[in-house]
Amino acid sequence: MQLEENIPLAPLTTLHVGGAAKYLAKIASREDLVAAVNFAHGEELPVFVLGGGSNVLVRDAGFPGLVLQMAMTEPASVFEESEDFVRCRVAAGVDWDAFVLDVCERGLAGVECLAGIPGLMGGCPVQNIGAYGQEVAETIYSVTALDVEAMRFVTLSAAECGFAYRQSIFNTSARGRYIVVEVTFLFETARVVELKYAELKEHFAGKQPTPMEVYYAVRRIRHGKGMLLVAGEADCLSAGSFFKNPVVSSLEFQRLSSGFKEVPHWPAADGKVKLAAAWLVEQAGFEKGFAMGQAGISSRHTLAVINRGGASSGEILALRDAIVGRVRERFGIVLEQEPVMLA
Ligand SMILES: Cc1cc2nc3c(=O)[nH]c(=O)nc-3n(C[C@H](O)[C@H](O)[C@H](O)COP(=O)(O)OP(=O)(O)OC[C@H]3O[C@@H](n4cnc5c(N)ncnc54)[C@H](O)[C@@H]3O)c2cc1C
């Protein structure tokens, strides 16, 4: 295990803000991981697990502990086929989008709508990534992780991972306990693409697309919204959607809709209603392209808070607070931040 000191974290994240880590260890194997966690325990240091840094916000003061940079790329993607299913094991350090491409090229359906999401495999179960009507929980079979309390590797079934909207045990009840080293997927060979998202349905206009066709369509739509990371493009220094779509009771939804012609919404679990955070943000007066110092809102997507160049973490947080405050004043709804604070 290679340990480095005082390492700037901003370049390791897609928002490019924040200070340095006291220690950083690149984790290329399970042995590296155990050694690094033992080191942190011995020194009584806090630990933060970093994947592709596409869903984190680093504070300007940096991190006074050990950052584990996940770089385990073996097994790259091991596909095992039976008559009706294909099982695939993938290491935590494998690029998520490269995996999606691999799956789609094999003609397997189940992750095609998640094309173009940045980050690494180990991060995908943490917030149960989702987009365009699909969630990764639909195809995850199990997750293998280091349980840092017991210091042993365990395999959790999908049910044990407690997946819900942008949620799992890894970011709620067992936060900080598991470090994901491998994810296993199960694909049904007979499954065909099912489109739930209006823009995709329109795009294919009644045609039954292949996973590969959806893969490219999703990437095109994402690109148009600045939600595909393309080096050098404005709007790309972001952490994707900065706020979760709030889920409210049907009564709360009725109260809210009374003052508006149309409030964008979708059905959620348990008879609740999911609201569009982007719509709330816009109605509260924050348009695409809005700027506050070097922090701003993407010119292509209201939900993406961006670093306009040289922003501090403090500027991003000030804009966040301004948006949250105005949405609360206007609608009585408290928006929840999606990126994880590395602090
Ligand atoms: C342009 C853009 C578009 C995006 N679009 C979407 C989208 O459509 N849908 C969506 O859901 N998300 C989206 N995101 C957010 C992000 O890409 C995902 O959440 C992604 O899965 C994060 O992976 P990562 O490797 O970058 O994790 P990081 O950002 O490095 O970490 C995120 C969290 O996961 C934890 N973590 C990471 N790896 C591990 C591990 N191996 N074990 C345990 N914990 C770990 C970290 O500690 C942290 O809490 C987008 C982000 C950007 C920048």
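This is a predicted model: local features need pLDDT of at least 70, side-chain atom pairs count only at pLDDT 80 or more; totals for chains, interfaces and linings use all residues.
**Figure 1. Ala276 sits in the loop that links β16 to α6 (277-283).** Ala276 counts as buried because its relative accessible area is 11%, under the 20% cut-off. Set aside the neighbours within four places in sequence, and the residues in contact with Ala276 are Asn245, Pro264 and Trp266. Thr210 is another story: 66 residues away along the chain, its C-alpha atom is separated from that of Ala276 by 29 Å.

**Figure 2. Here is the open sheet of three strands, in the order β14-β16-β15.** The pairing is antiparallel, and β14 (247-248) and β15 (265-267) are the edge strands, each with a partner on one side only. Two bridges hold the antiparallel pair made by β14 and β16 (residues 273-275). Look for Val248 with Val273 of β16 standing opposite. Helix α5 (residues 250-257) lies across β14, β15 and β16, and runs at about 45° to β16.

**Figure 3. A second open sheet has five strands, ordered β6-β7-β12-β10-β11.** Pairing is antiparallel in this sheet, with β6 (78-81) and β11 as the edge strands that each pair on one side only. Ignoring direction, neighbouring strands are turned against each other by 20° on average. Zoom in on β10 and β12, and you find an antiparallel pairing over seven bridges; Val143 stands opposite Val183 in β12. Two helices pack on this sheet. Helix α1 (residues 30-43) touches β10, β11 and β12, with its direction making about 145° with that of β12. Helix α2 touches β6, β7 and β12, and its direction makes about 15° with that of β12.

**Figure 4. The largest nonpolar core has 49 residues.** Trp96, Phe99, Met121, Phe185, Phe187 and Leu200 are the members that touch the most others. At least two core residues come from each of β7 (85-91), α2 (96-105), β10 (140-147), β11 (152-157), β12 (178-188), α3 (198-204) and α4 (211-224). The largest share belongs to α4, with six residues. For a sense of the packing, pick Phe185: beyond its neighbours within four places in sequence, its contacts include Val86, Cys88, Val90, Trp96, Phe99, Met121 and Tyr141. Arg87 and Thr139 are also in contact with Phe185. Apart from this core lies another, of 33 residues, among them Phe242, Val248, Leu256 and Leu275.

**Figure 5. Helix α7 covers residues 313-331, 19 residues in total.** From first C-alpha to last, α7 reaches 27 Å, close to the 27 Å expected at 1.5 Å a residue. Its buried residues are Ser313, Ile316, Leu317, Leu319, Ile323, Val324, Gly325, Val327 and Phe331. Just past the end of α7 comes Gly332, with a positive phi of about 70°.

**Figure 6. Zooming back out, the chain has seven helices and 20 strands.** Its C-alpha atoms fill a box of roughly 60 × 55 × 40 Å along the principal axes. The radius of gyration is 20 Å, in agreement with the value near 20 Å for a compact globule of 343 residues. Of the 343 residues, 50% count as buried. As for contacts between residues at least 6 apart in sequence, 61% join residues at least 24 apart.

Technical notes
Residues are numbered from 1 along each chain as its sequence is written. Side-chain values use heavy atoms; hydrogens and water are left out. Two strands pair if DSSP finds at least two bridges between them. Helices (H or I, at least four residues) and strands (E, at least two) are DSSP runs, numbered from the N terminus. Contact means heavy atoms within 4.5 Å. Axes are lines fitted to C-alpha atoms, for helices over the stretch in contact, and angles run from 0 to 180 degrees between N-to-C directions. A nonpolar core is a set of buried Ala, Val, Leu, Ile, Met, Phe, Trp, Tyr and Cys residues joined through side-chain atoms within 4.5 Å. Buried means under 20% relative accessible area, exposed over 50%, partly exposed in between (1.4 Å probe, protein chains only). The expected span of a helix is 1.5 Å times one less than its number of residues. The radius of gyration is taken over C-alpha atoms; the globule rule is 2.2 Å times the number of residues to the power 0.38.
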